[in-house]
Every structure is written in C-alpha cells, then in structure tokens.
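User: I'm new to this one and would like to get my bearings. Could you walk me through it?

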Amino acid sequence: MEIDVIFKIATIGVLITVICQILKKADRDDIATLVAIAGLLITLTIVIGMISDFFENIKSLFQLF
C-alpha cells in the first residue's frame with residue numbers, strides 16, 4: 001500500500017472536520033452536513049479505486065481471466 005494515499009485520506013478528513021466545525025459555530029448545520037457528505041464521497045471514490053486496482057492485481061496474479 002502506498003503511504004501517500006493514507007496521507008491524502010487523512011488530509012481530507014482533517015480539512016472536512018475543520019470546515020464542519022467552522023460551519024457549525026456559524027449556525028450553518030445544514031451546509032456542514034453537506035460538506036461532511038461530500039468529504040465522505042470523495043474518500044469513498046479513492047477507496048473504491050484502490051479496491052478495484054487490488055482485484056485487478058489478484059486477477060492478473062492468478063491468471064483468472
């Protein structure tokens with residue numbers, strides 16, 4: 001596993017947390033929720049891409065298809 005992916009996901013998490021806290025202090029809970037969902041979707045796309053690459057490597061390793 002590449003370490004830069006872990007740092008990228010951690011950076012996204014920290015940024016989203018800070019933005020959500022700022023928005024909640026400004027009484028903008030609805031926008032804070034949308035920002036949190038957007039952060040989750042960005043992180044999920046990164047993880048899904050990694051899982052896809054993993055299964056492609058497994059298929060090529062065992063010459064399944």
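User: Thanks! To start, how many salt bridges does the structure hold?

Analyst: Keep in mind that this is a predicted model. A pair counts here when a Lys or Arg side-chain nitrogen sits within 4 Å of a carboxyl oxygen of Asp or Glu. By that cut-off, the structure's count of salt bridges is one.

User: Is E56 buried, partly exposed or exposed?

Analyst: Buried means under 20% relative accessible area and exposed means over 50%. E56 has 44%, so the label is partly exposed.

User: And what about L61, buried or exposed?

Analyst: L61 belongs to helix α2 too. The cut-off for exposed is over 50%. L61 has a relative accessibility of 58%, so this residue is exposed.

User: Which helix do the buried residues of α1 pack against?

Analyst: Helix α1 covers residues 3-25 and reaches 33 Å from its first C-alpha to its last. Its buried residues are V5, I12, I16, C20 and L23. Those buried residues pack against α2.

User: Which residue just after α1 takes a positive phi?

Analyst: Helix α1 runs over residues 3-25, so look just past that stretch. The phi there is about 60°, and the residue is D27.

Technical notes: Residues are numbered from 1 along each chain as its sequence is written. This is a predicted model: local features need pLDDT of at least 70, side-chain atom pairs count only at pLDDT 80 or more; totals for chains, interfaces and linings use all residues. Side-chain values use heavy atoms; hydrogens and water are left out. Buried means under 20% relative accessible area, exposed over 50%, partly exposed in between (1.4 Å probe, protein chains only). Helices (H or I, at least four residues) and strands (E, at least two) are DSSP runs, numbered from the N terminus. The expected span of a helix is 1.5 Å times one less than its number of residues. Contact means heavy atoms within 4.5 Å.
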